Amino acid sequence: MTLFPLFANLRHRAVLVIGGGEIAERKVRLMLAAGARVSVVAPYAVDALQELARQERIVLYRERYQARHLDGAWLIIAATDDRPVNQRIAQDAQQARILVNVVDDPELSSFQVPAIVDRSPLIIAISSTGSAPMLARRVREQLETMMDHSLGALARLAHEYRGAIRRARPELGARRRFYDWLVDGPVGAALRGRRDEQARLALEHALQGPETAQGGQGRVILVGAGPGDPGLLTLHALRALNRADVILYDRLVSDQVLELARRDAARIFVGKQLGEDHHQTQARIHALLVEHARAGRTVVRLKGGDGFIFGRGGEELEYLARHDVAFEVVPGITAALACAAYSGIPLTHRDHAQSVQFVTAHRQSGHAIQDWTSLLDPSQTVAVYMGLQQILRFSEELLLRGRDADTPCALVENGSRPEQRTLLSTLRNIARDAQQHEFKSPSILLIGKVATLGATLSWHGELIDLLTPQEHLTENALLETA
Ligand code: SAH
């Protein structure tokens, strides 16, 4: 070990920063965040440092560096771009036995500033001993991704109850298991949901009972898996996948997303099965959710897109609530948003669309829709979800109800996935064109003037543009007059 990691208490202690550039400014802010009393020595200083001096948060000496500046400092940071000056500072500091960091110069430094992940009071410092700062930053990035921000609150709570935990679990093994339970069980979950009081109650309740009584309760995390591209998962979704004991997933969840899950999580496909109707499928899913959660497992219920958009997520949570199973919800990027983004079709646009509506063209297309007027509004974008045949039937129904046959639309198949295709056409022709080009599910239909923008803004996958030049022209003319 060439460097020994220390966590320094700099509160109210004098720290000297030499240099007045942006790098110096960054170091100053870091030291201020640690509560240090910061002095800066530099003949010239960037505006931000001058501002800090005006606010009396630092003391700024507009002078060239001299050895006497080091007097009284606990720590020194040299951030000048003048190597001879840096060298002198390093030497002087060495003589005065004060730790010094020369930015980006491990040779001259007697201490180095690590890459930091801050979940105070939990702090992680990473160093590559100056050999490959890139690598340290990469590790930091991964830790930032893995670690929920509620960990800080958890660490504070653990600190507060440290004595009580020690008394309630005197044996080391039991204590370790208790801390694991604290992170993975209901206390951690309550803190993630910002229910601090509930977390405290769960902790105190567990401390009063024997170890065997603690835990037991699993829970369900309803996670939106997005439209397929794993890069569209949220950090919370990724963390849930890393914690899962069991994953119940649908047909629309992509393999790449599933691959990100913990290796030893059990994966259960719960899509509709042959000969089953919706009620049977749903009843089977409800039963599995409750069974696994009651067995103390962390169950991730993984749904394509967002669980609350045409995903029956609401029904499943209602069932869990009735059966007293705890749950959390992580939203996902719904197909309409992803398909619009990946085919370059802004769903609203100052010149073309003032609102957007998500509809599902279920079974007997459109029969559930009570009022069609808003769907006919030319200044509204409509995103139609569901199986391709139902979507196309819906487009015909919309025509019959009176939406302009020349309305541009875009059919996006496999949105965000490598095999994405986008078809631009009109409401009149879309069903015919979709058949001709053999479009399949999953596809979504975006109806409205904004669809023409896909001709210029499309950037992902294959674009099949069947809009006539004239149809583009009218749009361009519209754009120019706007
Ligand atoms: N909860 C999901 C929607 C479920 S309904 C969400 O928020 O996205 C299923 C329908 O969503 C499909 O029939 C299709 O119309 C649409 N869909 C889902 N993923 C899609 C994708 N990658 N590309 C295009 N459409 C998609």
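**A walk around the model**

Mentor: Keep in mind that this is a predicted model. Let's start where helix 14 ends: G344 follows that helix, and its phi is positive, near 65°.

Trainee: Okay, and which residues of helix 14 are buried?
Mentor: Helix 14 covers residues 335–342. Buried here stands for under 20% relative accessible area. In helix 14 that gives A336, A338, C339, A340 and Y342.

Trainee: What covers the buried residues of helix 14?
Mentor: Look for strands around the helix. The cover of its buried residues includes strand 13 (355–360), strand 14 (380–385), strand 15 (408–413) and strand 17 (443–447).

Trainee: How far is a polar backbone atom of D306 from an oxygen atom of the ligand?
Mentor: The cut-off for a polar contact is 3.5 Å between N or O atoms. Between the polar backbone atom of D306 and the ligand oxygen, the distance is 2.8 Å.

Trainee: And which backbone N or O atoms lie by a nitrogen atom of the ligand?
Mentor: One belongs to P227, at 3.0 Å from a ligand nitrogen. Another, 3.1 Å from a nitrogen atom of the ligand, belongs to G304.

Trainee: Next, is H286 buried or exposed?
Mentor: You'll find H286 in helix 12 (residues 278–294). Its relative accessible area is 11%, and the limit for buried is under 20%. So H286 is buried.

Trainee: Which residues does H286 touch?
Mentor: Leave out residues up to four places away in sequence. Then H286 touches E315, E316 and Y319.

Trainee: How do helix 4 and helix 10 lie to each other?
Mentor: Helix 4 (residues 133–146) and helix 10 (residues 235–243) have axes 8 Å apart and pack at about 85°. Angles of 65 to 115 degrees count as roughly perpendicular. Therefore helix 4 and helix 10 are roughly perpendicular.

Trainee: Which residues make the contact?
Mentor: By class, the contact has 3 nonpolar, 1 polar and 2 charged residues. Helix 4 brings E144, T145 and M146, and helix 10 brings L235, L238 and R239.

Trainee: Last one: what do the buried residues of helix 5 pack against?
Mentor: In helix 5 (residues 151–160), the buried ones are G152, L154, L157 and A158. They pack against strand 6 (115–119), helix 6 (162–168), helix 7 (172–184), helix 8 (186–192) and helix 9 (196–208).

Key. Residues numbered from 1 in each chain as written. Predicted model: local features only at pLDDT ≥ 70, side-chain atom pairs only at ≥ 80, totals over all residues. Heavy atoms only, no water. Axes fitted to C-alpha atoms, helices over the stretch in contact; angles between N-to-C directions. Helix = DSSP H or I, 4+ residues; strand = E, 2+ residues; numbered from the N terminus. Parallel < 35°, antiparallel > 145°, perpendicular 65-115°, else oblique. Contact = heavy atoms within 4.5 Å. Nonpolar A, V, L, I, M, F, W, Y, C, P; charged D, E, K, R; others polar. Buried < 20%, exposed > 50% of the residue type's maximum accessible area, 1.4 Å probe, protein only. Polar contact = N/O pair within 3.5 Å; in protein donor to acceptor, adjacent residues only side chain to side chain.
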